[in-house]
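Dear colleague,

I am passing a structure on to you with this message. Please look through the sequence and the coordinates first; a summary of what was found in them follows below.

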Amino acid sequence: MPPSPTEDEFENMIGELSLVMVMPQSSEAGEEARLEIYWRALSSHALPDLYAAFDQILRKCRFFPTIAEIEQIIAPIRAKRMARVNRAGLLLLKHEREWVPPVADVVSIEEVAALRREARDGLAVSGEQR
């Protein structure tokens, strides 16, 4: 399971967005309240999903996105990651069900040597040479 963001990591991401995106003017107290609201709403997302959404927001959004817009951006990112996680889990399950340890030597070294001798002797009797 990927890590959830720490509050500091989240604040850094949102703070960087606020530096480059147009936002309505508000007081410092209002900024802290907005940050807390965004944190409460989005902190349950995995950190890699938030970073991927952050990158898309920087490329696609002209104004600071609402929580709903961020949720829309994260949804397909999370779906793709979860599909990969589920596929990996199924592969592990398939492996666990189907894997069997290698069979011990079916024939011993001595038996192989005896078979070679018999084959050589059989070739010698038939007149063939190696």
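Predicted model: local features only at pLDDT ≥ 70, side-chain atom pairs only at ≥ 80, totals over all residues.

Read from the N terminus, the elements of the protein follow the order α-α-α-α-α. The mean pLDDT of the protein is 84, and 88% of the residues reach at least 70.

Regarding the overall arrangement, the protein has 130 residues, of which 20% count as buried. Of the contacts with a separation of 6 or more, 82% are between residues 24 or more positions apart. The protein exposes about 10100 Å², and 57% of this area comes from carbon and sulfur atoms.

Salt bridges

The count of salt bridges comes to two. In one of them, Arg 81 pairs with Asp 49, with 2.8 Å between the closest N and O atoms. Arg 81 belongs to helix α4 and Asp 49 to helix α3, so this pair ties together parts of the protein that are 32 residues apart in sequence. Both Arg 81 and Asp 49 are buried.

A salt bridge also joins the side chains of Lys 94 and Glu 98, at 2.8 Å from N to O. These two residues are both in helix α4, four residues apart, which is about one turn of the helix. Lys 94 is partly exposed, as its relative accessible area is 44%. Glu 98 counts as exposed because its relative accessibility is 52%, above the cut-off of 50%.

The loop residue His 45

His 45 is located in the loop between α2 (28-42) and α3 (47-60). With a relative accessibility of 10%, His 45 counts as buried, since buried means under 20%. Leaving aside residues up to four places away in sequence, His 45 touches Ser 4, Pro 5, Leu 50, Glu 71 and Ile 74. With Glu 71, the side chain of His 45 makes a polar contact, side chain to side chain, at 2.9 Å.

A nonpolar surface patch

On the surface, Val 103, Val 106, Val 107 and Leu 115 form a nonpolar patch, and together they have about 430 Å² of accessible area. One of these residues, Val 107, lies in the loop between α4 (67-98) and α5 (109-126). Val 107 is partly exposed, with a relative accessible area of 39%.

With kind regards

Technical notes
Residues numbered from 1 in each chain as written. Heavy atoms only, no water. Patch = residues over 30% accessible without salt bridge, like charges linked within 9 Å, V, L, I, M, F, W, Y side chains within 5 Å. Areas by Shrake-Rupley, 256 points an atom, 1.4 Å probe, with all protein chains shown as cover. Salt bridge = Lys/Arg side-chain N within 4 Å of Asp/Glu carboxyl O. Buried < 20%, exposed > 50% of the residue type's maximum accessible area, 1.4 Å probe, protein only. pLDDT = per-residue confidence, 0-100. Contact = heavy atoms within 4.5 Å. Polar contact = N/O pair within 3.5 Å; in protein donor to acceptor, adjacent residues only side chain to side chain.
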